[in-house]
Amino acid sequence: AARLVLPEVLCARLYTGPLYEKYNAVLRGLPRKVDFFEKKFNQLCKGNRYTNTLHAINSVLVTLGRITEATPLYFGVSDHNLSKDFTKPDKYMIAGGIEFGFRSATVDKNVALGYLGKKKPGILFKMEQGMLDRGACVDWASQYP
């Protein structure tokens with residue numbers, strides 16, 4: 001059985017609220033690969049890397065991911081189009097991207113479709129979980145039940 005310690009439970013709770021934005025700003029901004037994400041990190045976090053908290057959140061996801069069934073997950077993004085860099089294979093025949101942050105997703109495709117918006121183009125992503133790329137349900141910790 002998966003066992004979490006109190007600091008992990010508390011950090012999972014923090015992750016499910018407004019601090020989600022700061023935690024992902026650290027993870028997306030610190031690789032310093034995209035100016036937009038680096039600026040967002042500097043603006044939101046003021047240099048705070050939330051190292052211990054992010055470690056605890058990752059520990060929760062890894063621990064619970066071990067007991068999570070590997071099912072397809074979906075997430076929707078509104079007001080975006082995919083760039084050619086994302087859809088056109090490079091010289092190594094690789095296309096796509098990397099998410100440096102934690103990604104919220106759902107097993108319910110209809111829930112993800114609700115995030116696409118009505119007026120502008122949106123994107124529905126489907127992710128397949130594997131042995132290493134595994135999500136975990138943290139709705140038990142949600143600040144927005």
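Q: Why is T53 called buried?
A: In this predicted model, T53 has a relative accessibility of 17%. Buried means under 20%, so T53 at 17% counts as buried.

Q: Where is T53 found, and what is T53 in contact with beyond its neighbours within four places in sequence?
A: T53 belongs to helix α4, residues 51–65. Leaving aside those neighbours, T53 is in contact with C11 and Y23.

Q: What makes Y23 count as buried or exposed?
A: The relative accessibility of Y23 is 2%. The limit for buried is under 20%, and Y23 therefore counts as buried. Y23 lies in helix α2, residues 19–29.

Q: Which residues is Y23 in contact with, leaving aside its neighbours within four places in sequence?
A: With those neighbours left aside, Y23 is in contact with L14, Y15, Y50, T53, L54 and I57. Among them, T53 is a residue of helix α4.

Q: How many residues apart in sequence are Y23 and F102, and how far apart in space?
A: Y23 and F102 are 79 residues apart in sequence, and their C-alpha atoms are 8.3 Å apart in space. F102 is also linked by ring pairs with Y15 and Y20 into a cluster.

Q: How do you know that the span of α4 agrees with what its residues should give?
A: The 15 residues of α4, at 1.5 Å a residue, should span 21 Å. The expected span takes one less than the number of residues. The end C-alpha atoms of α4 are 21 Å apart, so the two values agree.

Q: Which residues of α4 are buried, and what do they pack against?
A: The buried residues of α4 are T53, L54, A56, I57, V60, L61, T63, L64 and G65. They pack against α1, residues 6–15, and α2.

Q: Why is the pair of F36 and F37 called edge-to-face?
A: The structure holds 6 aromatic pairs. One of these is formed by F36 and F37, at 5.3 Å centre to centre with 65° between the planes. Centres within 6.5 Å make a pair, and planes over 60 degrees apart count as edge-to-face; the pair of F36 and F37 is therefore edge-to-face.

Q: What sits over the ring of F75?
A: The charged end of R103 sits over this ring, 4.0 Å from the centre. The distance limit is within 6 Å.

Key:
Residues are numbered from 1 along each chain as its sequence is written. This is a predicted model: local features need pLDDT of at least 70, side-chain atom pairs count only at pLDDT 80 or more; totals for chains, interfaces and linings use all residues. Side-chain values use heavy atoms; hydrogens and water are left out. Rings of Phe, Tyr and Trp (its six-membered ring) pair if their centres lie within 6.5 Å; planes under 30 degrees apart count as stacked, over 60 as edge-to-face and the rest as tilted. A charge sits over a ring if NZ of Lys or CZ of Arg is within 6 Å of the ring centre and within 35 degrees of the ring normal. Helices (H or I, at least four residues) and strands (E, at least two) are DSSP runs, numbered from the N terminus. Buried means under 20% relative accessible area, exposed over 50%, partly exposed in between (1.4 Å probe, protein chains only). Contact means heavy atoms within 4.5 Å.
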